[in-house]
Amino acid sequence: METSYLNKFKKLNNIMVIYLFMVFLIWLKTYFVQITQFKLGIENLLQQFLLFLNPLGSSLLFLGIALLFKGRKKYYLLFGLYFFLSFLLYANVLYYRFFNDFITLPTLTQTQNFGDVSSSLFSLLKPYDFLFFFDFIMLLILFAVKFIKIDNRNLKRKQKLGLFAIGLLLSIGNLILAETDRPQLLTRGFDRNYIVKYLGLYNYTIYDGIQSTRASAQRVLASSDEITEVVNFTQANYAKPNPEYFGIGKGMNVIYFHLESIQNFVINYSLNGEEVTPFLNSLTQDENTLYFNNFFHQTAQGKTSDAEFMIENSLYGLSRGSAFTTKSGNSYQAAPGILGQQGYTSAVFHGNAGSFWNRNEMYKSLGYTNFFDESYYDDVDPEQMTGYGIMDKPFFQKSVPLLNSLKQPFYAKFITVSNHYPYTMNQEETSIEPATTEDKSVDNYFQTARYADEALNNFFDYLKKTGLYDNSIIIMYGDHYGISENHNTAMEKVIGKEVTPFESAALQRVPLFIRVPGQKGGTIEEYGGQIDLLPTLLHLLGIDTKKYIQFGTDLLSEDHNELVPFRNGDFVSPTISSIDEKFYNSKTGKVIQDEQTIEAKRLLDKVTTTLSLSDKVVNGDLLRFYTPKNCKPINPNDYFYTRTDNDKE
């Protein structure tokens, strides 16, 4: 009996059977991965059905490409395509575990970063990950033992057309159903999560490719006429400086501290009776320091580089990839260039490779006169290194002679790395016990945050001894979240309440400290984001920003816009917040009533317009068509960062 069934199966053992069997396998595998590995926010039966349906149409179409070939080639291509889909699925799982996001084509160009993130990669691996390729290996074995035999017969043209028609109809039907639940799915908003939820990972990949191609083509097709709309928008939203603060730091040095992965919840947080960041906590009470407790990071896939991009330009980072890696050849009106024309020397200090995030090229376009990368830091003990550069304490210590070499006034930025995922460090260097949430990343986060706090405190002692402390505007900001949504269960133990979507948005607060010598300090409740730092700084230095194209507004201005857009199209404000397509009362955290949605939709439209216009500026390189009066365009060829033998003497 068993032999007869086997013979019947072998009679069916042709390319059609193998193709449909592989479609079935990749369909179910993709569905299972999408519901278990990604947090897509399924809210109703239709969304659940679409999540089940969407891999089927794309699997039929993708694997169907192999049927267009003849003979043995169609088998080789079928296996190759199956492996590609499996690899794409797994690659997105790994990326999602780290970034809580999906891979885009621009992120694949960031190859110079791969070597530095290897330590983080291993921490993302799970014991069950081999199952992602188990089906493919089994298929190879069946092929190797000739259980799956090559059938040189080709499908008839009608059969091929029929299969492609079914795949296409399923995909179109999928899109129609998706549009009924979320109108304008492909044209409204910036959130990749929705595309994957409604259309599936493979269709998302096609969508992303089209969007990336369109963005690349924007520069070629851009014209000087497009800048007019942008100028009108930014000038209409300009916030005039507050007379109380305008020019109070004129002529002073500027020192930025880019605090890796420091979130605001850690400020004034105690673990087992100990302050996690005692030094930063003390600054909230400093008589000359302004502490902003409603300040949000606005980064996307570019993470650290997005934060830098925003504070230097007051332009939003890209929705896909990093402007540092894909738009370094653009024209910019950045802080180093603007201040350079005011007699400032500028420098970045970073104990990592200059090529990481393409900084050694992007900084030239921003107008930095100096970039001190890892090549300038000699005799570093290997134990003082992390996967992302030099630990903060030796980094600051070895930065002292480099800082002393700068002509004053200077604009300097220090990029720290110790408090970086996966938050591991030599336990002999720690001064606080880890948390006990049973989530290793969350538990260790407090140890690396304490270390970063101590390193900053030590460097402030140096600034005080040299007099720089009393002649410098000092700005400290968190660059992006440290604990992603993938760790919400542990974070609930940390903050003592459920991490709802609203609460998750609240956790995107990062600390901002601005210290101006002689200026009265205090806590500022204003809502703001990284996009607002450049106009705030320039006004403190007595430079009016009205002539520049900037999408942020002065945090200290009475006209400051407290609407804070996120890169995915969500937003927060003191009254209304929009998260995952729901509107919330920002004070209570409750979903707002229908009568309030008119104002909420107005704010959402403004966010969409803001992000779209910023994207138009960056993707179209529109600043090449606009030079403010009395401003000289930055020439990247004027800058050279490679360390020479003379520098080493």
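Is Asp-101 buried or exposed? Select this residue to begin the tour of what is a predicted model. Asp-101 is buried, with a relative accessible area of 13%.

**First stop: Asp-101 and Arg-192**

Asp-101 and Arg-192 form a salt bridge, and their closest N and O atoms are 2.7 Å apart. Asp-101 is found in the loop between helix H4 (72-99) and helix H5 (118-124), while Arg-192 belongs to helix H8 (residues 192-199), so the pair ties together parts that are 91 residues apart in sequence. Arg-192 also counts as buried, at 9% relative accessibility.

**Second stop: Asp-135 and Lys-29**

Next, select Asp-135 together with Lys-29. A salt bridge links these two residues, with 3.1 Å between the closest N and O atoms. Because Asp-135 lies in helix H6 (residues 134-144) and Lys-29 in helix H2 (residues 15-36), the pair ties together parts that are 106 residues apart in sequence. Asp-135 is buried at 13% relative accessibility, and Lys-29 is buried with a relative accessible area of 13%.

Now select Asp-621 and Arg-219. Their side chains meet in a salt bridge of 2.8 Å, N to O. Asp-621 sits in the loop between helix H21 (597-620) and helix H22 (645-648), and Arg-219 sits in helix H9 (residues 201-221), so the pair ties together parts that are 402 residues apart in sequence.

For the model as a whole, the count comes to 20 salt bridges.

**Last stop: a nonpolar surface patch**

Finally, show the surface and select Tyr-128, Phe-130, Leu-131, Phe-134, Ile-137, Met-138, Ile-141 and Val-145. Together these residues make a nonpolar surface patch of about 760 Å². Which loop holds Val-145? Val-145 lies in the loop between H6 and helix H7 (157-181). With a relative accessible area of 57%, Val-145 is exposed, because the cut-off for that class is over 50%. Helix H6 was also visited at the second stop, where Asp-135 lies in that helix.

Notes. Residues are numbered from 1 along each chain as its sequence is written. This is a predicted model: local features need pLDDT of at least 70, side-chain atom pairs count only at pLDDT 80 or more; totals for chains, interfaces and linings use all residues. Side-chain values use heavy atoms; hydrogens and water are left out. A salt bridge is a side-chain nitrogen of Lys or Arg within 4 Å of a carboxyl oxygen of Asp or Glu. Helices (H or I, at least four residues) and strands (E, at least two) are DSSP runs, numbered from the N terminus. Buried means under 20% relative accessible area, exposed over 50%, partly exposed in between (1.4 Å probe, protein chains only). Patches are made of residues with over 30% relative accessible area and no salt bridge: like charges are joined within 9 Å, nonpolar side chains (Val, Leu, Ile, Met, Phe, Trp, Tyr) within 5 Å. Accessible areas come from the Shrake-Rupley method with a 1.4 Å probe; for residues, only the protein chains shown count as cover.
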